[in-house]
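Dear colleague,

Please find below the structure that I am handing over to you.

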Amino acid sequence: MATNYSPKIVTDGLVLSLDAGDKNSFISGSATWSDLIDAGVNGTLSGSDGPTVDSNGHIRFNENTSGNAATINSNYMDISLSSQISMYNISFWHKPDALYQDAYPGYYPTLFLFSSTTANISGGPWTGGAANETFHLWGPGGEMTYIKDDISADWHYFTWNWNGSIYDFYLDGEQKTTYNGTNGDGQGVNSILSVTSFRLANNKSTYSARGYFDIIHIYNSQQTLTNITQNFNAHRHRFGV
């Protein structure tokens with residue numbers, strides 16, 4: 001039965017849980033970020049200049065990446081899953097180094113990339129575009145869904161949740177208006193993505209994300225607004241939100 005009170009997180013359907021503040025998941029100075037659900041699943045931190053860890057245990061990626069130019073000489077985390085996961089819900093805490101919508105014109109940092117045997121989905125900020133979108137999901141054929149809300153350069157709780165036809169976007173436990181992408185129908189990913197691997201802070205080629213990340217969860221079941229809000233409230237005190 002799902003946990004239904006704060007400060008506990010919802011555990012029903014939870015298949016991946018990374019928490020840099022938990023010594024069972026991460027120890028400062030280590031290159032391994034371990035899943036608290038599956039002892040055999042470890043994320044590997046890589047890159048030429050980091051990542052680094054602050055005094056609160058939050059992991060910072062690409063602190064020394066210069067300018068806005070895309071670069072593969074960046075740092076990131078790779079994780080190969082022990083089995084395919086049906087990704088109904090992904091959430092994490094993130095604090096960008098700067099306002100994405102202001103500081104990265106023409107540059108589209110990738111916060112995450114999920115890969116399956118047939119398709120990839122990535123998520124990150126989009127500066128402008130014909131519809132003034134600010135954050136989007138990108139599939140094998142183009143933009144899948146997006147929002148228009150500006151996001152401040154503070155800690156935020158990001159969530160994407162499958163609603164039966166698209167991935168809805170939530171920020172800090174609140175659902176945002178989610179629009180279909182410019183190509184309309186999910187771009188070849190119009191059903192749940194079965195994930196086999198995951199990269200954080202880069203898309204395997206370019207466009208590194210700069211900022212802090214912590215507490216990453218993946219669920220293999222759709223989560224209600226009540227559950228998403230509960231998970232937000234469970235950890236918000238750690239991030240001063």
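In this predicted model, a search of the whole structure finds 22 aromatic pairs. One of them joins Phe-92 and Phe-112 in an edge-to-face arrangement, with 5.8 Å from centre to centre and 70° between the planes. Phe-92 belongs to strand 7 (residues 89-96) and Phe-112 to strand 8 (residues 112-115), so this pair ties together parts that are 20 residues apart in sequence. Both Phe-92 and Phe-112 are buried. They also belong to one aromatic cluster, whose members are Phe-61, Phe-92, Phe-112, Phe-114, Phe-135, Phe-158, Trp-160, Phe-169, Phe-198 and Phe-213.

Charged side chains also meet aromatic rings. Over the ring of Tyr-179 sits the charged end of Lys-148, 4.6 Å from the ring centre. Arg-199, in turn, lies over the face of Tyr-76, at 3.7 Å from the centre of that ring.

I would also draw your attention to His-58, found in the loop between strand 4 (52-53) and strand 5 (59-61). Is His-58 buried or exposed? Its relative accessible area is 3%, and because buried means under 20%, His-58 counts as buried. The side chain of His-58 makes a polar contact of 2.8 Å with the side chain of Asp-214. Apart from neighbours within four places in sequence, the residues in contact with His-58 are Thr-52, Val-53, Trp-155, Tyr-212, Phe-213, Asp-214, Arg-238 and Phe-239. Among these contacts of His-58 is Phe-213, which is also a member of the aromatic cluster described above.

With kind regards

Definitions and conventions:
Residues are numbered from 1 along each chain as its sequence is written. This is a predicted model: local features need pLDDT of at least 70, side-chain atom pairs count only at pLDDT 80 or more; totals for chains, interfaces and linings use all residues. Side-chain values use heavy atoms; hydrogens and water are left out. Rings of Phe, Tyr and Trp (its six-membered ring) pair if their centres lie within 6.5 Å; planes under 30 degrees apart count as stacked, over 60 as edge-to-face and the rest as tilted. Helices (H or I, at least four residues) and strands (E, at least two) are DSSP runs, numbered from the N terminus. Buried means under 20% relative accessible area, exposed over 50%, partly exposed in between (1.4 Å probe, protein chains only). A charge sits over a ring if NZ of Lys or CZ of Arg is within 6 Å of the ring centre and within 35 degrees of the ring normal. A polar contact is a pair of N or O atoms within 3.5 Å; within protein, one must be able to donate a hydrogen and the other to accept it, and residues adjacent in sequence count only if both atoms are side-chain atoms. Contact means heavy atoms within 4.5 Å.
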